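Subject: Structure handover

Hello,

Here is the structure I promised to pass on. Please open it first, then read the notes below.

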Amino acid sequence: MDINTINYLANLGKLSFTPEEAEQMAADMTGIIQIMDGVKEIDISYDYLKDNHNVYLPDLRIDTRYDSFTREKIVSNAVNDNGYFVVPKVVE
Amino acid sequence: MYTITQLREKLNKREISVVEVLEIYLKNIKEKDPQIQSFITVTEDTARENAEAAQKIIDSGESKPLTGIPIAIKDNICTKDILTTCSSKMLGNFVPTYDATVTKLLKEQNAVIIGKTSMDEFAMGGSNQTSAFKKTKNPRDLERVPGGSSGGSAAAVAGDLVPCSLGSDTGGSIRQPASFCGVTGLKPTYGRVSRFGLVAFASSLDQIGPLANNPYDCGLVLNAIAGFDRHDGTSSKTPITDYTAECGKSLRGLKIALPQEFFDGADKAVVDAILATAENFKSQGAEIVNVTMPSLKYAVAAYYLISSAEAASNLSRYDGIKYGYRSENGETYGELVKNTRSEGFGVEVKRRILLGNYALSSGYYDAYYGKACALKQKIREEYYDIFQKSDVILTPTAPTVAYKCNENISDPVKMYLADICTVTANIAGLPAISTTCGYQGNLPIGASVVGKPWEESRIISVANGINC
């Protein structure tokens with residue numbers, strides 16, 4: 001796997017690498033993909049009809065309001081201000 | 001070293017109090033865990049409060065099987081108001097506002113939660129060495145890995161720091177550390193135990209399960225945590241049963257399959273131990289059936305493609321906005337998210353995200369993810385065919401015994417290939433248990449018993465018949 005592909009995949013995954021990290025990752029991923037390429041040896045295809053039998057659709061709950069967490073609890077694990085999540089400005 | 005059964009008897013007969021039991025394990029943790037490094041969080045104060053509450057339940061005569069029993073919980077299972085890190089910097093400061101269903105069920109029995117155990121980061125690994133916090137050691141040999149990703153849970157039981165623990169298993173993460181540490185670990189049928197509150201890795205493969213000193217104790221813990229949960233859309237309504245009920249049942253007439261491909265590439269000591277176990281079963285009246293699983297050679301690739309694809313999706317929620325680590329660098333929203341994820345995740349997690357996105361990306365989807373899904377169906381069919389001729393399947397849990405801490409960890413390919421014996425049970429959604437069947441020197445060798453869906457009682461019973 002080359003550095004360009006690493007950077008493309010990193011972008012998809014919202015990750016960034018230094019040039020040294022990207023080089024190491026390319027070496028690691030090359031070895032990993034060689035193993036994954038083993039699946040190409042076998043000539044089979046996915047049969048959608050074989051799956052999703054007896055899928056249990058859970059009962060919907062009764063449509064009534066119930067108490068959830070307090071605002072304080074909800075933001076307790078985040079950078080917050082007065083009950084709001086604080087984020088960088090998105091729109092100028 | 002006490003089993004749950006022994007503790008239950010002593011507690012019910014008032015030979016020992018819950019607080020006294022707890023103090024024994026807290027003392028063991030203080031003395032041994034600085035070397036073993038199995039716990040990320042020890043909840044000493046709340047454990048003492050809960051021990052006193054449990055004692056009142058016992059005194060009232062209303063104790064349940066796990067009342068007053070100390071238990072450790074893997075750190076990817078949510079415990080309300082207790083740090084839950086997944087051994088990752090990304091969740092290094094995360095305190096859940098709710099309990100996982102399994103946590104709630106343990107609390108309903110007044111089990112005493114003693115702490116949260118270390119793991120491979122986000123359950124991705126087989127050595128417990130990718131943990132951002134505690135790189136757990138194997139209590140049998142502190143220079144060796146305990147296995148992973150439930151290495152902390154396995155090491156805590158093996159080191160006599162708790163009598164039982166909960167782990168999670170996506171590709172072998174309960175069974176392999178159980179094998180390496182010389183304890184018993186069980187992965188239930190997919191859908192048997194609720195995943196609500198389990199931090200998701202690969203949602204179609206993840207299952208929570210128990211680790212303990214023997215199969216019977218695993219059955220006791222499974223009794224407490226199994227069952228339908230409407231908060232988990234994949235939870236099954238198949239009736240639960242007493243998973244210890246078949247222990248002690250004769251193996252006479254039981255058909256035990258040995259798939260030859262699981263033995264290729266395994267160390268000689270491992271092969272010999274499993275074959276000796278098969279002979280032991282035969283002497284107890286079981287019938288050994290030789291079978292094949294031709295698709296096994298594709299299993300590791302299929303597993304890593306499916307699990308990484310799901311992980312890439314599941315881990316996209318970590319952006320530092322609503323919870324978890326947030327980078328201090330980033331002028332724009334996009335930069336903040338990228339920096340947060342790049343600083344918060346470890347190398348192995350990043351590899352899996354890249355692999356998952358690669359497998360799902362345009363031009364590669366059919367060749368990799370599509371093919372892996374087809375292999376999932378093929379592996380299930382091959383298991384179905386084997387179960388036409390047999391009742392359970394016996395295999396090694398891992399091709400080797402526990403390796404040294406500095407081996408393999410820098411070679412991801414070698415690490416992945418070592419999962420060959422465990423991943424197919426996850427792919428097929430089957431119940432599987434690992435228990436010790438022999439030793440190489442002083443290093444335990446685990447045998448896996450794989451069963452038909454929902455037949456946890458049977459595999460616990462068969463594993464219980466392995467005397468080691």
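Which residues point one way from strand 2 of chain B, and which the other way? B:Pro70, B:Ala72 and B:Lys74 point one way, B:Ile71 and B:Ile73 point the other way, and all are buried. Buried means under 20% relative accessible area, exposed over 50%, and partly exposed in between, with a 1.4 Å probe and protein chains only. In a regular strand the side chains alternate between the two faces of the sheet.

Some ground rules. This is a predicted model: local features need pLDDT of at least 70, side-chain atom pairs count only at pLDDT 80 or more, and totals for chains, interfaces and linings use all residues. Residues are numbered from 1 along each chain as its sequence is written, chains are lettered from A and ligands numbered from 1 in the order in which they are written, and side-chain values use heavy atoms, with hydrogens and water left out. Helices (H or I, at least four residues) and strands (E, at least two) are DSSP runs, numbered from the N terminus.

**The strands**

Strand 2 of chain B covers residues 70–74. It is mostly covered, with 5 of its 5 residues buried. Strand 3 of chain B (residues 112–117) is mostly covered too: 6 of its 6 residues are buried. Two strands pair if DSSP finds at least two bridges between them.

Strands 2 and 3 of chain B run parallel, joined by 5 bridges. B:Pro70 stands opposite B:Val112. B:Ala72 has B:Gly115 as its bridge partner. Between these two strands the chain passes through helix 4 (residues 101–108) of chain B, and this β-α-β crossover is right-handed. That means that, with the strands pointing away from the viewer, the path from the first strand over the helix to the second runs clockwise.

Strand 2 of chain B also runs parallel to strand 4 of chain B, through 2 bridges. There, B:Ile73 stands opposite B:Leu166. Strand 1 of chain B (residues 39–42) is antiparallel to strand 3 of chain B, with 3 bridges. One of the pairs is B:Phe39 with B:Thr117.

The largest nonpolar core has 165 residues. Such a core is a set of buried Ala, Val, Leu, Ile, Met, Phe, Trp, Tyr and Cys residues joined through side-chain atoms within 4.5 Å. B:Phe122 and B:Tyr383 touch the most other members. Helix 9 of chain B gives the most to this core, with 12 residues.

Contact means heavy atoms within 4.5 Å.

**A buried loop residue**

B:Ile174 sits in the loop between strand 4 (164–169) and helix 6 (175–181) of chain B. Its relative accessibility is 0%, so B:Ile174 counts as buried. Among its contacts beyond four places in sequence are B:Ser150, B:Asp169 and B:Pro210. B:Ile433 is 259 residues away along the chain, yet the two C-alpha atoms are separated by 8.8 Å.

**Cysteines**

How many disulfides are there over all chains? The count comes to 0, where a disulfide is a pair of cysteine sulfur atoms within 2.5 Å. For B:Cys247, the nearest cysteine sulfur is that of B:Cys218, 10 Å away. B:Cys247 counts as buried, at 19% relative accessibility.

Best wishes
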